[in-house]
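Let's take a walk through this structure, one piece at a time. Keep the 3D view open while you read.

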Amino acid sequence: MTFRRRHRYALFKVLSSSCLGEKDVREAIQRSVLELFGIYGLSVIEPKVVEYDEKQCRGIVRCNHLHLPLLRASLASITTLDDKPVSFLVVKVSGTLKALRRGS
Amino acid sequence: MRRFADLHLRFPKNGLNELEEMLRRSSDLGYFTVAVAFNQNMKEEIKQTRAICSDLGIDLVTRTDLEPNTAGELLKVLKGLRPRFEIIAVKCSTRSVARQAAKDRRVDLLNFPTDSVQRERLYFDSHEAVLASGSLSALEINVSTILGAKASHRARLLATMRREVMEARRLRVPFIISSGAENLYCVKTAPDLAVFLTLIDMGWDSALDTVSSEPLKIVERNRQKLRTDYLSPGARIVGGDQR
């Protein structure tokens with residue numbers, strides 16, 4: 001029997017006064033997971049920004065399917081970036097990228 | 001399908017324009033009911049906010065937050081306030097205020113200090129839970145309180161909240177989670193609010209209840225009380241006028 005990793009994909013929207021780059025978004029997510037759950041949390045949640053559209057300020061982040069609430073809490077905890085207020089909102093969650101893109 | 005409610009939007013510093021944006025965002029995020037905290041003398045603002053909510057198609061609940069220093073002051077302020085607001089919340093700054101607020105049927109929501117050190121001294125303990133279970137007042141947790149605390153303070157706050165939630169569940173005291181938003185960026189989706197309760201060991205379905213069925217029950221109960229045909233819990237005048 002083989003062990004296959006399962007993921008959850010979350011479509012998120014970033015609200016901020018200025019546009020954020022993909023690098024900023026990736027770092028902000030990683031920092032927030034680290035702050036809330038530490039290195040162990042980061043290792044089990046395995047957050048990964050799959051794609052990010054700077055124009056629409058929307059992106060998709062992937063995580064381990066067992067730890068979606070932890071990722072959601074991490075995204076909701078991001079309140080500032082470079083001393084500017086920001087907000088990360090999870091719009092939709094799915095088990096596959098195809099299903100996530102279908103409805104959005 | 002669940003209907004979501006955020007029972008705590010603070011009136012923003014920048015006034016009605018910002019509040020309108022917050023309400024528009026709440027509507028976009030799928031909220032059915034939103035409560036805005038007003039001061040007791042903001043009659044005109046309440047009227048204008050009602051008009052905005054009516055345009056947006058969301059249900060506005062009027063709320064006021066009281067911050068008395070003594071139990072006597074709380075009793076004084078509560079007189080005559082009940083008919084004017086659908087939700088009355090009390091920020092408990094001392095033990096005596098907390099006890100009085102927990103047992104007073106006119107109080108709907110109990111708030112405890114936002115500072116983690118103060119919260120460890122004054123929190124929703126078993127005595128408050130016993131009193132609240134008899135009076136139907138509910139415990140409110142604001143997400144803005146959690147997000148406002150940094151690093152170790154946030155950890156201490158979550159630990160205290162975990163104890164509070166355990167007490168509330170043990171004695172079946174209702175509790176809700178609200179955004180406590182005072183600007184556009186603090187308005188979050190209902191699942192994003194509920195997810196903070198999973199950090200204090202609550203199941204996902206029970207956490208979602210605290211942003212949907214629980215707050216809506218409180219609003220419904222109070223609206224029934226505000227009707228002119230209301231007599232007491234479970235009794236009303238048949239065929240009486242409705243306000």
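## Where the two chains meet

The contact between the chains takes 12 residues from chain A and 12 residues from chain B. Bear in mind that this is a predicted model. On the side of chain A that touches chain B, the elements giving two or more residues are α2 and β5 of chain A.

## A helix tucked away in chain A

Now look at helix α2 of chain A, residues 68-76. Eight of its nine residues are buried, so this helix is largely enclosed by the rest of the structure. The buried ones are Leu68(A), Leu70(A), Leu71(A), Arg72(A), Ala73(A), Ser74(A), Leu75(A) and Ala76(A).

What covers them? From chain A, the cover includes β1 (7-16), α1 (22-45), β3 (58-64) and β5 (84-94).

Over in chain B, seven strands make an open sheet, in the order β1-β2-β3-β4-β5-β6-β7, with parallel pairing. β1 (4-10) and β7 (175-178) of chain B stand at the edges with a single partner strand each, so one side of each has no neighbour in the sheet. On average, neighbouring strands of this sheet are turned by 30° against each other, direction ignored.

Zoom in on one pair: β2 (residues 31-37) and β3 (residues 59-66) of chain B run in the parallel sense and share five bridges. Along this pair, Val34(B) stands opposite Leu60(B) in β3(B).

Helices pack on this sheet as well. Helix α1 (residues 16-28) of chain B touches β1 and β2 of chain B, and its direction makes about 155° with that of β2(B). Helix α11 (residues 213-226) of chain B touches β1, β2, β3, β4 (87-91), β6 (138-142) and β7 of chain B. The direction of α11(B) makes about 75° with that of β1(B).

## One residue up close

Let's finish with Ala37(B), which lies in strand β2 of chain B. Is Ala37(B) buried or exposed? Ala37(B) has 20 other C-beta atoms within 10 Å, so it counts as buried, since the cut-off for buried is 20 or more.

Which residues does Ala37(B) touch, leaving aside neighbours within four places in sequence? Its contacts are His8(B), Leu9(B), Arg10(B), Phe11(B), Arg63(B), Thr64(B) and Asp65(B). Take Arg10(B): it sits 27 residues away along the chain, yet the C-alpha atoms of Ala37(B) and Arg10(B) are separated by 5.1 Å.

Technical notes:
Residues numbered from 1 in each chain as written. Chains lettered and ligands numbered in written order. Predicted model: local features only at pLDDT ≥ 70, side-chain atom pairs only at ≥ 80, totals over all residues. Buried ≥ 20, exposed ≤ 12 C-beta atoms within 10 Å, placed from the backbone. Helix = DSSP H or I, 4+ residues; strand = E, 2+ residues; numbered from the N terminus. Contact = placed C-beta atoms within 7 Å. Pairing = 2+ DSSP bridges. Axes fitted to C-alpha atoms, helices over the stretch in contact; angles between N-to-C directions.
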